[in-house]
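Q: Could you take me on a close look at the aromatic rings here, and at how they pair up with one another? I am new to this, so please go step by step.

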Amino acid sequence: MSTVNTLYGIPASSPEATKMEGFDILVSLALDMRWSWNHDADELWQQLAPALWDETHNPWLVVQSVGGDHVRWLLSSPAFKQKLDSIARLREEEDTRQSWFDTTYPNSILKKVAYFSMEFMLGESLPIYVGGLGNVAGDQLKSASDLGVPVVGIGLLYQRGYFRQYIDPYGNQVAYTPSNDPGQLPVMPLRLPNGEWLRIQITLQGKSVWLRAWQVKVGRTKLYLLDSNDAGNLPEHREITAEVYGGGMEMRIMQEIVLGIGGWRLLKALGISPEVCHLNEGHAAFVVLERALDHMQKTGCNFETALTITRSGNLFTTHTAVAAGFDHFDPSLVEKYLAGYAQKELGISLNDLLALGRANPGNPYEGFNMAYLAVHGSSVINGVSKLHGAVSRHLFEPLFQRWPTEEVPIAHITNGVHMPTWEGDNADKLWTDAIATDRWKWPTEDFQHAIEKLSDEKIWEMRNAARAALIDFIRNESAGLLAAYGAAREAIDAAQKLFAPNVLTIGFARRFVAYKRPDLLLMDQDRLVRLLTNYEQPVQLVIAGKAPPADQSGRDLIKGWVQFIQRTGLTQHVIFLSDYDMLMAAHLVGGMDVWLNTPQRPWEASGTSGMKVLVNGGLNLSELDGWWVEAYTPEVGWALGDGQEHPNDSGLNWREAQQLFDTLEQQVIPEFYNRRADGIPGAWVKRVRRSMATLTPYFSSNRTVREYAEKFYLTAAKAYLNRAAYDNARGKKIVQWRHEVDQHWPNLKFGEFKADTRQDQHFFEVQVSLDGCNPDSIRVQLVAGSPLVSIDMQPGETGDGWTRYTAAVPSERPAGDYTARIVARNDEISIPLEYQRILWQH
């Protein structure tokens, strides 16, 4: 950043305000998205423009819109100015205070991680996200700020945010896509010292495309964004960043080129040289090419050596649970947009480039898979839950042919959510009193004891207040929507009486797509009506979510709920809240008693919505999929399903719908209404306490980011620096080793394989012809499956071109279970991730 700075725009309505003492502090606070989780300045924004603040929760828009006279009057108020100065001091102290990362790793070689993602969900005022992927990216960026982990984000600034939803009187979803005015977003243009806008150049089909650069301050860290809406670009190129995931596959490949190639060039322009690149999904995989190219240009090595070196500093996180979810590009598209780049810049052929995105490089008809490119360009691959790690090992089996599924090199780090963003006011007070204000900036493992000491009375008081706040939100949201569309006064007044603050409230809010099965309760509508309207134990159901505009089945699922409500007239028991967004989500997770999640296993890679209710004392009733597989015990919530996959079972949905009704009727609802003499549901509160104490600390992005730092970032930084040191010495050595092994591998072969059992041991011997291959470059292993066991066999006598390898194992399983194999051996690389060859004895 030594050669680049940011300049903020001046509110056109009040240029004189910029000269007032304190105005610069207001601007600085408004442009730091820390306000999306730290609410100590909310009072200031409320005083500046009450109606606008309540409507938008966008401090930067508030600061730009308020009149100069009002700003002058407030800044001259001692109370306002004292509050402003106090917050500014606290912010400065936060930014300069020693963090968890600083104190734990004071002399770390890790100086910067670049986190690439197609979407980031930081706040509703910056609508550059669709859903779960952006949620994960945004929450991890915030926790990196809290913990001081040196991360910067790289993403795209879209001209249009994800669509706004309107439900017409017939239950149809209508999508509107409003434009983003950068001047009203909490983003600042990056400018060169001479005042010019920093613009990054890439080339598409021989034509220059200019990318404007922006900065978002996220507490201690920063998010850098690129957009193609530059006047110097062709009209079709200005549209590249028009909409998140917009257009067809041709638009998608251009977006991903901008993110990966343009993103790395932006880092170079900013003077940032990250040791680690974190690819949040395969969309960002083109960065592995540009990073290698940059290393080629700096050191003069070829592409193979550069990729060998730079991949050691790349981490790929996959969020996809089905192969169809990966981006696949037709080879003709790759040729159209990247053939020249490959040949002229990388010095490789188009076929060499296509091979990086294929399982079978020799198949000219195979598409180009961005996830495969990410795997071929990274040193660590991880799924986002324990179950998803196992699912991903199956998905990536084609890249590791003949390797057992258990050895496909996919690890996992389970997602978590940024608890300060998602905890409501009532929960925040409870946690602050029990632990500390800055609790989420340090390790959370000791939180359990403090929460378990909380009294039933305090927990139940918090839950009642949170539910009441949710009911107020539902009423105001409904009444406001009716008023906006010109409804009669009677209807608006009735909306202010919807629901009751003392009734069990269950929520289902997420994307409406078929695999999430949002219609499970609608499969037995008569039973649902009885459940909702039970006089002694009534239930309130809140439904929200958007269907992808092109997904007719998803839109029909929404229509099904709206028509159910209209047909039954149960507006006091069930509501569909339209235009689900981050702001609405915060209200829902803050007050919901039970969060319902019904995906078909194993399609939910992780899921995070249910994690958000934990800090607020909400409970989960979820399919045993994603994160809930790890979280569930009978003491913290309820489970749906049998923990198995049923891919072709036509009766599954009906059976699990009945199981869901049974669980609600026989367990959830009675427990909520079973009150002691003091009015407190003892068993319910016990479950809430256990869930809050044990699940909240673990399923927070605080733990997730610390895991990434300690398990992956630090080791990847060390590996990258080691391979690049001394003029790429280790990287070159690895390439040389690979060529030597490749030369001998086709001639490796097995000879006689013998087994002998004596007493309680099996003794194995196998002959191997090495054909001049260095014996230190291979391992001969004895292997048995289910469960997989592999044991290195020891070399012995050599003669007649054969080397004898032996091993002894306990005779706990039959000798016939074992066979021998040869794999490569190099302690400098990850096998099989970086070298997949394997030879089996039979």
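A: Let's start with a term: a residue is buried when its relative accessible area is under 20%, exposed when that area is over 50%, and partly exposed in between. Keep in mind that this is a predicted model.

With that in hand, look at W197. Its relative accessible area is 23%, so W197 is partly exposed. Where do W197 and W214 lie? W197 is in the loop between strand 6 (188-191) and strand 7 (199-204), while W214 belongs to strand 8 (residues 207-218), so the pair ties together parts 17 residues apart in sequence.

Now step back for a moment: a search of the whole structure turns up 32 aromatic pairs. One of them joins F101 and Y105, whose ring centres are 5.5 Å apart; the planes meet at 40 degrees, so this pair is tilted. F101 counts as buried because its relative accessibility is 4%, whereas Y105, at 24%, is partly exposed.

Rings can also gather in a group: W460, W638, F672, Y673 and W684 form one aromatic cluster.

The charged end of K546 sits over the ring of F163, 5.1 Å from the ring's centre. In another spot, R813 lies over the face of Y818, 5.9 Å from the ring centre.

Note on methods:
Residues numbered from 1 in each chain as written. Predicted model: local features only at pLDDT ≥ 70, side-chain atom pairs only at ≥ 80, totals over all residues. Heavy atoms only, no water. Phe/Tyr/Trp six-rings, centres within 6.5 Å; stacked < 30°, edge-to-face > 60°. Buried < 20%, exposed > 50% of the residue type's maximum accessible area, 1.4 Å probe, protein only. Helix = DSSP H or I, 4+ residues; strand = E, 2+ residues; numbered from the N terminus. Lys NZ or Arg CZ within 6 Å of the ring centre and 35° of its normal.
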